[in-house]
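Student: Hi! Could you walk me through this model while I have it open?
Tutor: Happy to, let's take a look together.

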Amino acid sequence: MIDLNKLIRPNIKALRPYSSARDEYSKAAGVFLDANENPYGSLNRYPDPYQKALKETISTLRSIEPKNIFLGNGSDEIIDLLYRIFCEPGIDKAMIFPPTYSMYKVSSEINNVNLVEVPLTPEFQLDIKTVMELRKTEVKLAFLCSPNNPTGNTLFTEDVELLLRNFMGIVVIDEAYIEFSHKESWLKRIHEFPNLVVLQTFSKAYALAAARIGVAYASQEIISLLNKVKPPYNISTPNQVAGIKALAIKKKTERYIKTINEEKEKMIARLKVLDLVLEIYPSDTNFLLIVVKDANKVYKQLIRQKIIVRNRNSVVSNTIRITIGTPDENKKLLKALKTITL
Ligand SMILES: *Cc1c(COP(=O)(O)O)cnc(C)c1O
């Protein structure tokens, strides 16, 4: 059993959080002369610091209580907050499994937290034997990404479960792409594992990258810590409203996801026959990682035609990562790929 108390940084444990002007009285009606706001205008009031309306909507949709939900200014803010809550700079470590989402490393460097890096196997799965040997006590956090960016695959449930049961720190499972996958989310299992944090986002399937809304699901204890450390007004009122609206058009979102997944299958079939494409990795996401003959050249020639893909040559040799766009955008990419000379 993990002891959350031992994992929290002492300064965070001792912290008395900023008490925001609206913490004590949160009703909509009243004469508000407490926060030095301008009484005129339409965006003149500070936003709800705990985003109650948006959380209620998420709660109903996911059958998870609001007390198990935290909202961040994108998942990226939540990743940063987790480092700050659990990892003493220069002392505690975190574990990541490259090739994976690059923010885990950037955020660790900003926070001066050393990383233990355990590369994924050639099949992009956890090297579980090495992971189990390395789960030392000073490793406070492990960032798993499943489905993984940039490889597109889902991590084996048995491996993740083994880690959840035996690792004496917090296990974060980043599910930014879960809506595109047919595999099970870890969301329903937060009550089973007190050290589990599931991250999701409005930036991908919900088509709301501009609004910056990331979601963490976890035990009430972990959610309270995130609330304690976050900037009081971390999500603006227009963005909270945008989040609620995005969830209200559930049917439309489901149609988008279906279309994107169908387009993905079409793209696989069309890319496969191209000479320069050597391999297409299986994908549970809205992107494809493909191996090409010369990724740097392909990337540069596409840029010249104003088509921007992600060159992942530096993390997986000779790969480019292609997001599935509209049918028209996908056609343009294929047309451009056919003009490439290596
Ligand atoms: C895109 C992405 C996110 C989203 O981050 P936001 O800050 O919520 O936009 C998170 N994790 C992974 C792995 C991603 O690829």
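**A chat about the model**

Tutor: Let's start with serine 59, which lies in helix α3 (residues 52–62). Helices here are DSSP runs of H or I with at least four residues, strands are runs of E with at least two, and both are numbered from the N terminus. This is a predicted model, where local features need pLDDT of at least 70, side-chain atom pairs count only at pLDDT 80 or more, and totals for chains, interfaces and linings use all residues. Residues are numbered from 1 along each chain as its sequence is written, and side-chain values use heavy atoms, with hydrogens and water left out.

Student: Is serine 59 buried or exposed?
Tutor: Serine 59 is buried, at a relative accessible area of 11%. Buried means under 20%, exposed over 50%, and partly exposed in between, using a 1.4 Å probe and protein chains only.

Student: Which residues is serine 59 in contact with?
Tutor: Leaving aside neighbours within four places in sequence, serine 59 contacts Ile64, Glu65, Pro66 and Ile69. Contact means heavy atoms within 4.5 Å.

Student: And aspartate 275, where is that found?
Tutor: Aspartate 275 is in the loop between α10 and β8 (277–280). With 68% relative accessibility, aspartate 275 counts as exposed.

Student: OK, new topic. Which residues are closest to the ligand?
Tutor: The ligand is surrounded by 13 residues, and the closest are Tyr177, Thr201, Ser203, Lys204 and Arg212. A residue is near a molecule if one of its heavy atoms lies within 4 Å of it.

Student: What lies 2.7 Å from an oxygen atom of the ligand?
Tutor: A backbone N or O atom of serine 75 does. An N or O atom in the side chain of threonine 201 is also 2.7 Å from a ligand oxygen atom. For arginine 212, a side-chain N or O atom is 2.6 Å from an oxygen atom of the ligand.

Notes
A polar contact is a pair of N or O atoms within 3.5 Å; within protein, one must be able to donate a hydrogen and the other to accept it, and residues adjacent in sequence count only if both atoms are side-chain atoms.
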